[in-house]
Amino acid sequence: MVVLSQRQTEILNVARASGRVMVEDLARRFEVSAQTIRKDLNDLCEQRALTRIHGGAIIASGVENLAYEARRFVAADEKKAIGAIAAARIPNGSSLFINIGTTTEEVASALSSHQDLLVITNNLNVAMLLYRHPRIEVIVAGGTVRRSDGGVVGSTATQLIGQFKVDYAIIGASAIDEEGALLDFDYREVQVAQAIIANARSVMLVADSTKLHRSAPVRIAHLSQIQTFVTDRPLPDGLASICHSRGIEVISAMPADETDEAAEATETPSPAVLRRA
């Protein structure tokens, strides 16, 4: 067993508390160079305790998701940008599903100025964001409320979703593997997500690039089942090829030239299939 240094142990504790750590923040905190912190992060990644992202690292995952509040801190700016781009693609007068997730909540937040929307959701946080707006009607799926994040899961929620046929579905995923599988942790949530996909005319996936470096055990769907993928940065070659071959519109919400440490990440993104901002 590899013994971690005191600094590496503290870095891991910070990551567990907040969901992610950033190189520059850690360098200031521990009064060491950015290069030293990068080495610490690489060591922790080799132990599979962390996973590298642009400018830092997040807690590695496999069978259990990050705590919900910690997930809010992971790629927060990226999620906000994704939410704004995704919401701009939804016309007034539309009907849509919005499922569970911190990124889908950013989409809901950005929809607040829309008019004449019908929103069906199994996410209590989405309902709380939208129900006060007089030109947006909100329907909440019934079922078991998951205490960890306010998600409504189970067969009752799935049955309600099946009673609708909507214009758009806004879905998230906890992980996306290199073969294009969309993955999550709770099979009950996945069942609702699958019903959402089956009952929407157009499906929009919203997921930041950290999801490409994670794993989860339950399959939601495949990229080929969606029409639009809104993410923050250009996709790796393999996923870009899948999207191109299936005619999936890929929209990168953030500039491709955002600086500094992108090249240090363990996996370097490749050129985008399509980028709009």
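Predicted model: local features only at pLDDT ≥ 70, side-chain atom pairs only at ≥ 80, totals over all residues.
**Entry 1: a cysteine to begin with.** I started at C243, which comes out buried, with a relative accessible area of 0%. With cysteines in mind, I searched the whole structure for disulfides and got 0.

Entry 2: I listed the contacts of F229, leaving aside its neighbours within four places in sequence, and C243 is among them. The rest of the list reads I176, L205, A207, L223, L235, I248, E249, V250 and I251.

**Entry 3: cores.** Which residues have the most contacts inside the largest nonpolar core? I found I171, L182, L205, L223, I226 and F229, in a core of 36 residues. The largest share is from α9, with 6 residues. Apart from this core I noted another, of 21 residues, including I85, I90, L117 and I136. A reminder to myself: nonpolar side chains tend to be buried together in soluble globular proteins.

**Entry 4: an arginine.** Is R146 buried or exposed? R146 counts as buried, at 14% relative accessibility. I placed R146 in the loop between β7 (144-145) and β8 (152-153). Beyond its neighbours within four places in sequence, R146 is in contact with I100, G151, V153, D186, R188 and E189.

Entry 5: I looked up a nonpolar surface patch and got one of about 190 Å², made by L124, V140 and V145. V140 sits in strand β6 (residues 136-140). V140 has a relative accessible area of 34%, so I logged V140 as partly exposed.

**Entry 6: whole-protein numbers.** I left the overall figures for the end. The secondary structure comes to 10 helices and 15 strands. The protein has 277 residues, and 52% of them are buried. For contacts with a separation of 6 or more, I get 62% from residues 24 or more positions apart. The accessible surface comes to about 12600 Å², with 48% of that belonging to carbon and sulfur atoms.

Terms used. Residues numbered from 1 in each chain as written. Heavy atoms only, no water. Disulfide = S-S within 2.5 Å. Buried < 20%, exposed > 50% of the residue type's maximum accessible area, 1.4 Å probe, protein only. Helix = DSSP H or I, 4+ residues; strand = E, 2+ residues; numbered from the N terminus. Contact = heavy atoms within 4.5 Å. Core = buried A, V, L, I, M, F, W, Y, C linked by side-chain atoms within 4.5 Å. Patch = residues over 30% accessible without salt bridge, like charges linked within 9 Å, V, L, I, M, F, W, Y side chains within 5 Å. Areas by Shrake-Rupley, 256 points an atom, 1.4 Å probe, with all protein chains shown as cover. Salt bridge = Lys/Arg side-chain N within 4 Å of Asp/Glu carboxyl O.
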